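Work through the exercises below with the sequence and the coordinates side by side, and try each task before reading its solution.

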Amino acid sequence: MAYEAQFFGFTPQTCLLRIYVAFQDHLFEVMQAVEQVILKKLEGIPDCEISSVQTRKCTEKFLCFMKGRFDNLFSKMEQLILHSILCIPPNILLPEDKCQETNPFSEEKFQLLKQEIKELQEKYKVELCTEQALLAELEEQKTVKAKLRETLTFFDELENIGRYQGTSNFRESLVSLTQNCRKLQNIIHNVEKESKRLETISQ
């Protein structure tokens, strides 16, 4: 009974449960008071053969009888309250649901809406994966861009070296640099060769 709970602010079952518990508590308190009154009356009767234990058994038996009668009546009252009092007829709409009169919402529309939400969620996942891939590619492009800048800086330095050595043409500078590298490699090779020869002599 969710619609009734929306209107009343509580479920009818909860209301009935509280009524039932309240009556049980009240009945128990009344029987305790009645028992105390009976015991005081018996104390005033001389040579009374009824003991307090017998009185307790009688009150407990009467309490069980009353609870059984109440449970029987309460089940009938529960059906009456649920179906006739705390019940909103199916043709009645609450003020906040009046829009359903002009825009009825069926189970078929609800299923279509669920399907649309599912499709949108799938599209969102695809878009999210695409975004992650684009971000990764962007990071890769940044790395490539940084390397290109380093390469351009290297060529600029080579060109400056060429100018310093009197060669203004970059191709000539590169040829000169290559020749110098080869000379340096030859020198290194000769030094290593001489070093090995000296090591052999020393042995």
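## Exercise 1: a glutamate and its surroundings

At 8% relative accessibility, Glu35 counts as buried, where buried means under 20% relative accessible area, exposed over 50% and partly exposed in between, for a 1.4 Å probe and protein chains only. The model is predicted, so that local features need pLDDT of at least 70 and side-chain atom pairs count only at pLDDT 80 or more, while totals for chains, interfaces and linings use all residues. Residues are numbered from 1 along each chain as its sequence is written, and side-chain values use heavy atoms, with hydrogens and water left out.

Task: state in which helix Glu35 lies and which residues Glu35 is in contact with, leaving aside neighbours within four places in sequence.

Solution. Begin with the element: Glu35 belongs to helix H2, helices being DSSP runs of H or I with at least four residues and strands runs of E with at least two, numbered from the N terminus. Next, list the contacts, meaning heavy atoms within 4.5 Å: once neighbours within four places in sequence are set aside, Glu35 is in contact with Thr55, Arg56 and Thr59. Finally, compare sequence and space: Glu35 and Ser52 are 17 residues apart in sequence, and their C-alpha atoms are 9.2 Å apart.

## Exercise 2: the partner residue

Task: determine whether Thr55 is buried or exposed, and name its contacts beyond four places in sequence.

Solution. Thr55 is found in helix H3, and with a relative accessible area of 5% Thr55 is buried. Neighbours within four places in sequence aside, the contacts of Thr55 are Glu35, Ile38, Leu39, Leu42 and Ile50. Extending the view to the whole element, the buried residues of H3 are Thr55, Thr59, Leu63, Phe70, Phe74, Ile81 and Leu82, and they pack against H2. On the other element, Pro12, Leu16, Gln24, Leu27, Met31, Glu35, Leu39 and Leu42 are the buried residues of H2, and what covers them includes helix H1 (2-8) and H3.

## Exercise 3: geometry of the helix pair

Task: describe how the axes of H2 and H3 are placed, and check the length of H2.

Solution. Two packed helices are described by the angle between their axes and the distance between the axes. Here the axes of H2 (residues 12-43) and H3 (residues 52-85) come within 10 Å and cross at roughly 155°, the axes being lines fitted to C-alpha atoms over the stretch in contact, with angles running from 0 to 180 degrees between N-to-C directions. That makes H2 roughly antiparallel to H3, a label for angles over 145 degrees. By class, the contact of H2 with H3 has 18 nonpolar, 5 polar and 5 charged residues. For the length, take 1.5 Å times one less than the number of residues: the 32 residues of H2 should span 46 Å, and the end C-alpha atoms are 47 Å apart, which agrees.

Methods. Parallel < 35°, antiparallel > 145°, perpendicular 65-115°, else oblique. Nonpolar A, V, L, I, M, F, W, Y, C, P; charged D, E, K, R; others polar.
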